[in-house]
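Please examine the sequence and the three-dimensional model shown here. The paragraphs that follow lead from the sheet to the charged and aromatic pairs.

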Amino acid sequence: MNARNDSPLDKPAIEAIAEPVCRAHGVELVDVVWTMDRGGPVLRVLIDRERPDMTPGEPGSGVSIDDCQGVSRDLSTALDVHEKVVPSGRYRLEVSSPGLDRPLVKRRDFERFAGLEVKVQTRVPVPGTEDRKKVQGVLRGLDGDVVRIEEGSTAFEIPFGDIVKAHVVYRFTRAAR
């Protein structure tokens, strides 16, 4: 489910290295992305932790700066040991929380964030449409291999394998005066 198929990154191999590091720090590995910015290549690692004080499905993260620093330090060491897994050359390792527009990457993400507004992009037209590849609506969950989304009065059932990108839509609200 990665739109970045042209990436030189062996994502499963990096995830296999990053998962135990994240578990050791008590955080969840959300995603691993290889990207370019002005400073050169970046290996971006998103981590998350559910906060006990949050309503289930509420976006937000219980990840602290100390969590990011700890995972970064230990993952950097692990990647140095497994240097053949990372594309050759210099790169920058960034470890951060997923942010309010949290990406939905794994199956469990589509269950955990049910009830929230999400935006989903597919590689093929969404079933029931002629050519739409984007849907934005309320996530109703994952049923087997199908992600269910309601957009207004229209219900969509999107095969999980057709999704190339998905994230929570966070809307800021003004505080009452």
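A residue is termed buried when its relative accessible area is under 20%, exposed when over 50%, and partly exposed in between, with a 1.4 Å probe and protein chains only. The model is predicted, and local features need pLDDT of at least 70, side-chain atom pairs count only at pLDDT 80 or more, and totals for chains, interfaces and linings use all residues. Residues are numbered from 1 along each chain as its sequence is written, and side-chain values use heavy atoms, with hydrogens and water left out.

Helices (H or I, at least four residues) and strands (E, at least two) are DSSP runs, numbered from the N terminus; two strands pair if DSSP finds at least two bridges between them. In the order β1-β2-β3, three strands form an open sheet of mixed pairing. Strands β1 and β3 (92–96) stand at the edges with a single partner strand each, so one side of each has no neighbour in the sheet. On average, neighbouring strands of this sheet are turned by 20 degrees against each other, direction ignored. Nine bridges join β1 to strand β2 (residues 40–48) in the antiparallel sense, and W34 stands opposite L43 in β2.

Two helices accompany these strands. For the angles, axes are lines fitted to C-alpha atoms, for helices over the stretch in contact, and angles run from 0 to 180 degrees between N-to-C directions. Contact means heavy atoms within 4.5 Å. Helix α1 (residues 11–24) lies across β1 and β2 and runs at about 130 degrees to β1. Helix α2 (residues 65–81) packs on the sheet, where it touches β2 and β3, and its direction makes about 145 degrees with that of β3.

Consider next the charged residues. Side chains of opposite charge can pair when their charged atoms come close. The criterion for a salt bridge is a side-chain nitrogen of Lys or Arg within 4 Å of a carboxyl oxygen of Asp or Glu. By this criterion, a search of the whole structure finds 18 salt bridges. One of them joins E94 and R44, whose closest N and O atoms are 2.9 Å apart. Since E94 lies in strand β3 and R44 in strand β2, the pair ties together parts that are 50 residues apart in sequence. E94 counts as partly exposed because its relative accessibility is 24%, and R44 is likewise partly exposed, at 28%.

Which residues are linked in a network of salt bridges? The network comprises E28, D48, E50, R102, R108, D109 and R112. Within it, the side chains of D48 and R112 meet at 3.4 Å, N to O. D48 lies in strand β2 and R112 in helix α3 (residues 107–112), so this pair ties together parts that are 64 residues apart in sequence. Both D48 and R112 are buried; R112 is so classed because its relative accessible area is 17%. R112 also forms a salt bridge with E50, at 3.7 Å, N to O. E50 lies in the loop between β2 and α2, so its pairing with R112 of helix α3 connects parts 62 residues apart in sequence. E50 is exposed, with a relative accessible area of 52%.

E28 is located in strand β1 (residues 28–37) and counts as buried at 17% relative accessibility. Its side chain makes a polar contact with the side chain of R112 (3.2 Å); such a contact is a pair of N or O atoms within 3.5 Å, where, within protein, one must be able to donate a hydrogen and the other to accept it, and residues adjacent in sequence count only if both atoms are side-chain atoms. Leaving aside neighbours within four places in sequence, E28 is in contact with C22, L46, I47, D48, R102, R108, D109 and R112.

The aromatic pairs complete the account. Rings of Phe, Tyr and Trp (its six-membered ring) pair if their centres lie within 6.5 Å; planes under 30 degrees apart count as stacked, over 60 as edge-to-face and the rest as tilted. A search of the whole structure finds two aromatic pairs. The ring centres of W34 and Y91 are 5.6 Å apart and their planes are at 55 degrees, so the pair is tilted. W34 in strand β1 and Y91 in the loop between α2 and β3 are 57 residues apart. W34 is buried, with a relative accessible area of 11%, whereas Y91 is partly exposed, at 26%. F110 and F160 form an edge-to-face pair, with 5.6 Å centre to centre and 90 degrees between the planes.
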